[in-house]
Amino acid sequence: MVEEWGDAVRWLGVYIAEAHTKDEWPMPCVNSPCRHSQPSSVSARAEHAQEFIKSFRPPFPVFMDSYINSWADPFMSTFGAWPERFYVFQYYSEPSSADE
């Protein structure tokens, strides 16, 4: 998507709960078995996020949410992040009179 939309979109990644772990919906991860369990601490999540950034080198900034144990997590419960954990948000504002 970044290649297709380029500078027309402001890209930002937010690292949320792991999508496929050994202990939650395990599936191959980039053609390899899952290596991680769902992290149980902020420091473990930070390690996973750093590994993701190092491995995939996304061409946009990546932040980490304040993950709280599984479905009690505000992002997970608000957006029902299951099974997909990929979202696109659009910011829209009304044009101001200066824009007319």
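**Notebook: a loop residue, a salt bridge and some rings**

**Entry 1: Arg57**

I started with Arg57, which counts as exposed at 66% relative accessibility. My scale runs as follows: buried is under 20% relative accessible area, exposed is over 50%, and partly exposed is in between, with a 1.4 Å probe and protein chains only. I keep in mind that this is a predicted model, in which local features need pLDDT of at least 70, side-chain atom pairs count only at pLDDT 80 or more, and totals for chains, interfaces and linings use all residues. Residues are numbered from 1 along each chain as its sequence is written, and side-chain values use heavy atoms, with hydrogens and water left out.

Next I asked where Arg57 sits. I found it in the loop between helix H2 (42-56) and strand E2 (62-64). Helices and strands here are DSSP runs numbered from the N terminus: a helix is H or I with at least four residues, a strand is E with at least two. Then I checked the backbone. Arg57 has a positive phi of about 40 degrees, although it is not a glycine. I noted the background too: most residues other than glycine have a negative phi.

**Entry 2: the whole chain**

I stepped back to count elements. The protein has three helices and two strands. Read from the N terminus, their order is α-β-α-β-α. Of the 100 residues, 21% are buried.

The protein exposes about 7900 Å², and 56% of that comes from carbon and sulfur atoms. These areas come from the Shrake-Rupley method with a 1.4 Å probe; for residues, only the protein chains shown count as cover.

Then I turned to contacts, meaning heavy atoms within 4.5 Å. Among contacts with a separation of 6 or more, 44% join residues 24 or more positions apart.

**Entry 3: Asp65 and Arg45**

I wanted to know which residue forms a salt bridge with Asp65. The partner is Arg45, and the closest N and O atoms are 2.4 Å apart. The rule asks for a side-chain nitrogen of Lys or Arg within 4 Å of a carboxyl oxygen of Asp or Glu. By this rule I count one salt bridge. Asp65 lies in the loop between E2 and H3 and Arg45 in helix H2, so the pair ties together parts that are 20 residues apart in sequence. In general, side chains of opposite charge can pair when their charged atoms come close.

Are the two partners buried or exposed? Asp65 is buried at 14% relative accessible area, and Arg45 is buried at 1%. I also listed what Asp65 touches, not counting residues up to four places away in sequence. The list is Val14, Tyr15, Ile16, Arg45, Asp73 and Phe75.

**Entry 4: the rings**

How many aromatic pairs does the structure hold? I found three. Rings of Phe, Tyr and Trp (its six-membered ring) pair if their centres lie within 6.5 Å; planes under 30 degrees apart are stacked, over 60 edge-to-face, and the rest tilted. I looked at the rings of Phe52 and Phe56: their centres are 5.3 Å apart and their planes are at 35 degrees, so the pair is tilted. Phe52 and Phe56 are four residues apart in helix H2, so about one helical turn separates them.

Both residues are partly exposed: Phe52 has a relative accessible area of 30%, and Phe56 has 47%.

**Entry 5: His48**

I stayed in helix H2 for His48. At 11% relative accessibility, His48 counts as buried. Its contacts, leaving aside neighbours within four places in sequence, are Tyr15, Glu18, His36, Ser37 and Pro39.

Which residues form a nonpolar patch on the surface? I wrote down Met1, Trp5, Val9 and Val88, with about 400 Å² of accessible area together. Patch residues have over 30% relative accessible area and no salt bridge; like charges are joined within 9 Å, and nonpolar side chains (Val, Leu, Ile, Met, Phe, Trp, Tyr) within 5 Å. Val88 lies in the segment after helix H3 (74-79). It is exposed at 62%.

Last, I checked Gly6, in the loop between helix H1 (2-5) and strand E1 (13-15). Gly6 is partly exposed at 23% relative accessibility. It touches Met1 and Trp11, not counting residues up to four places away in sequence.
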